[in-house]
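Open your viewer and get ready to select a few residues. We will go one stop at a time.

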Amino acid sequence: MDPNGVRVLVSKETSPFTAGEPQSQFGTFRGLSIESIDFAASSVFWSRFGYKQIMGDPEQGWMVMDAGNGIGVSLIRRGMSPHIVP
């Protein structure tokens, strides 16, 4: 479980997604958007899986992490995301 209470299942299977190749008519974006209560702890957690910060600033309430696997992780300050409705 990540520091925000999100359950994470780690699998050693090969991803069915190939980075950069369209999987649908909507494009190639695949990722997770997670409301974060602790950016430092979240960053440490996701870095254990090879993710590194590539955009954003926790001081501004958001950051994007990537591991080169085609699936990004966006961390957003709780209550700041317009598409996460309680």
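Start on the surface. Select Ile54, Met55, Trp62 and Met80: together they make a nonpolar patch with about 380 Å² of accessible area. Keep in mind that this is a predicted model.

Now keep Ile54 and look at its strand. Ile54 sits in β2, which covers residues 52-57. Show β3 as well: β2 and β3 run antiparallel, joined by five bridges.

Next, find the turn. Four residues separate β2 from β3 in this hairpin. Click on Gly61 in the turn; its phi is positive, about 95°.

Move along β3, residues 62-66, and stop at Asp66.

Now show what surrounds Asp66. Leaving out residues up to four places away in sequence, Asp66 touches Gly50, Tyr51, Lys52, Ile54 and Gly72.

Zoom in on the side chain of Asp66. It reaches the backbone nitrogen of Gly68 at 2.8 Å.

For the last stop, select Ser47. Ser47 and Asp66 are 19 residues apart in sequence. Draw a line from C-alpha to C-alpha: the distance in space is 9.2 Å.

Note on methods. Residues are numbered from 1 along each chain as its sequence is written. This is a predicted model: local features need pLDDT of at least 70, side-chain atom pairs count only at pLDDT 80 or more; totals for chains, interfaces and linings use all residues. Side-chain values use heavy atoms; hydrogens and water are left out. Helices (H or I, at least four residues) and strands (E, at least two) are DSSP runs, numbered from the N terminus. Contact means heavy atoms within 4.5 Å. A polar contact is a pair of N or O atoms within 3.5 Å; within protein, one must be able to donate a hydrogen and the other to accept it, and residues adjacent in sequence count only if both atoms are side-chain atoms. Two strands pair if DSSP finds at least two bridges between them. Patches are made of residues with over 30% relative accessible area and no salt bridge: like charges are joined within 9 Å, nonpolar side chains (Val, Leu, Ile, Met, Phe, Trp, Tyr) within 5 Å. Accessible areas come from the Shrake-Rupley method with a 1.4 Å probe; for residues, only the protein chains shown count as cover. A salt bridge is a side-chain nitrogen of Lys or Arg within 4 Å of a carboxyl oxygen of Asp or Glu.
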